[in-house]
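Try each task before reading its solution.

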Amino acid sequence: MASIVTTVRNAEKLVERTMKGNDASHDAAHVWRVRDLALSLAQEEGLSSDSMEIVELAALLHDIGDYKYLRDPSEEKIVENFLEEEGVDEVKKMKILAIIKGMGFKEELAGHANGEFSPEFRVVQDADRLDAIGAVGIARCFTFGGSRNRVLHDPAIHPRSDLSKEQYMKKEEQTTVNHFHEKLLKLKDLMKTKAGQRRAERRHKFMEEFLKEFYEEWDGRA
């Protein structure tokens, strides 16, 4: 097996290579932020150095082959092939792949998220969700909406409630602001670590203040 340092370097190169065509809401910079957040949460949660290796690789590789950007079905296998080529041991490999497969919001909607989570899963998922809220989350949300030519807001289009996994993944007409109500404002209560919950409080509050101001400006009240 390659040393963990070499594997991490190679994972970084893979991220840069496979994600370079993505818009800035899901680019390499998003991955670096999630990696930094995940390692920081893992430290606060007291994870072992072995766990830290799993956390770092899962965080780095979590968005490769994302369904929103899939250009070719073979891309789903990229991460698995990479871990095999790097000689990552079987137990670690399975843990990393399980984290990546289960961490999406759509899995939570499908009810796959009920059950026991490994400490590594908790910190990587919380890190990814933290990057979806707060000031950075707002910037990413409008960047993604812009990349899909979505309108900012339309008072006639109401946020969808009780979304199923299939509805969430559907590309039907939606406004960018509705994404706050359909997903982003729900993330604070879905955090799975104490460290993640603490950080989510502040980011959530910032989004609420932003939306209040947004609606007032939209209606010409501010």
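Predicted model: local features only at pLDDT ≥ 70, side-chain atom pairs only at ≥ 80, totals over all residues.

**Exercise 1. The overall fold**

Task: Work out how many helices and strands the protein has, and decide how its radius of gyration relates to the globule rule.

Solution: 
- Start with the secondary structure: there are 11 helices and zero strands. Written along the sequence, the pattern is α-α-α-α-α-α-α-α-α-α-α.
- Next, take the radius of gyration, which is 18 Å. The globule rule gives 17 Å for 222 residues, so the protein is as compact as a globular protein of that length.
- For the extents, the C-alpha trace spans about 60 × 40 × 30 Å along the principal axes.
- Then look at burial: 46% of the 222 residues count as buried.
- Finally, consider contacts between residues at least 6 apart in sequence; 72% of these join residues at least 24 apart.

**Exercise 2. Helix 4 against helix 5**

Task: Find the angle and axis distance at which helix 4 and helix 5 pack, and classify the pair.

Solution: 
- Locate the two elements: helix 4 covers residues 78–85 and helix 5 covers residues 90–102.
- Their packing angle is about 160 degrees, and the axes lie 11 Å apart. Angles over 145 degrees count as roughly antiparallel, so helix 4 is roughly antiparallel to helix 5.
- The crossing of helix 4 past helix 5 is right-handed.
- Now list the residues that meet: V79, E80, L83 and E84 come from helix 4, while K93, I96, L97 and I100 come from helix 5.
- Sorted by class, this contact of helix 4 with helix 5 holds five nonpolar, no polar and three charged residues.

**Exercise 3. Helix 8 against helix 11, and a residue between them**

Task: Classify the orientation of helix 8 and helix 11, then say which residues F210 touches beyond four places in sequence.

Solution: 
- Helix 8 packs on helix 11 (residues 194–218) at about 50 degrees, with an axis distance of 8 Å. Helix 8 and helix 11 are therefore oblique to each other.
- On the helix 8 side the contact involves G134, A135, I138 and F142; on the helix 11 side, R203, F206, M207, F210 and F214.
- By class, that makes seven nonpolar residues, one polar and one charged.
- Now pick out F210, which sits in helix 11. Setting aside residues up to four places away in sequence, F210 touches I138, F142 and F180.
- The relative accessible area of F210 is 27%, so F210 is partly exposed.
- For a distance check, F210 and K192 are 18 residues apart along the chain, with 25 Å between their C-alpha atoms.

**Exercise 4. Buried or exposed?**

Task: Decide for D128, E53 and N149 whether each is buried, partly exposed or exposed.

Solution: 
- Use the cut-offs: under 20% relative accessible area is buried, over 50% is exposed, and partly exposed lies in between.
- D128, in helix 7 (residues 119–130), has a relative accessible area of 17% and is therefore buried. Beyond four places in sequence, D128 touches H30, V34, H62 and M103.
- E53, in helix 3 (residues 49–61), has 21% relative accessibility, so E53 is partly exposed. E53 and E120 are 67 residues apart along the chain, and their C-alpha atoms are 9.5 Å apart.
- N149 lies in the loop between helix 8 (134–147) and helix 9 (165–169). Its relative accessibility is 71%, so N149 counts as exposed.

**Exercise 5. A backbone angle to check**

Solution: 
- Begin with the background: most residues other than glycine have a negative phi.
- Then read the value for N149: phi is near 55 degrees, a positive value in a residue other than glycine.
- To place N149 in space, compare it with L61: the two are 88 residues apart in sequence and 27 Å apart, C-alpha to C-alpha.

Methods. Residues numbered from 1 in each chain as written. Heavy atoms only, no water. Axes fitted to C-alpha atoms, helices over the stretch in contact; angles between N-to-C directions. Helix = DSSP H or I, 4+ residues; strand = E, 2+ residues; numbered from the N terminus. Parallel < 35°, antiparallel > 145°, perpendicular 65-115°, else oblique. Left-handed = near helix turned anticlockwise from the far one by under 90°. Contact = heavy atoms within 4.5 Å. Nonpolar A, V, L, I, M, F, W, Y, C, P; charged D, E, K, R; others polar. Rg over C-alpha atoms; globule rule 2.2 N^0.38 Å. Buried < 20%, exposed > 50% of the residue type's maximum accessible area, 1.4 Å probe, protein only.
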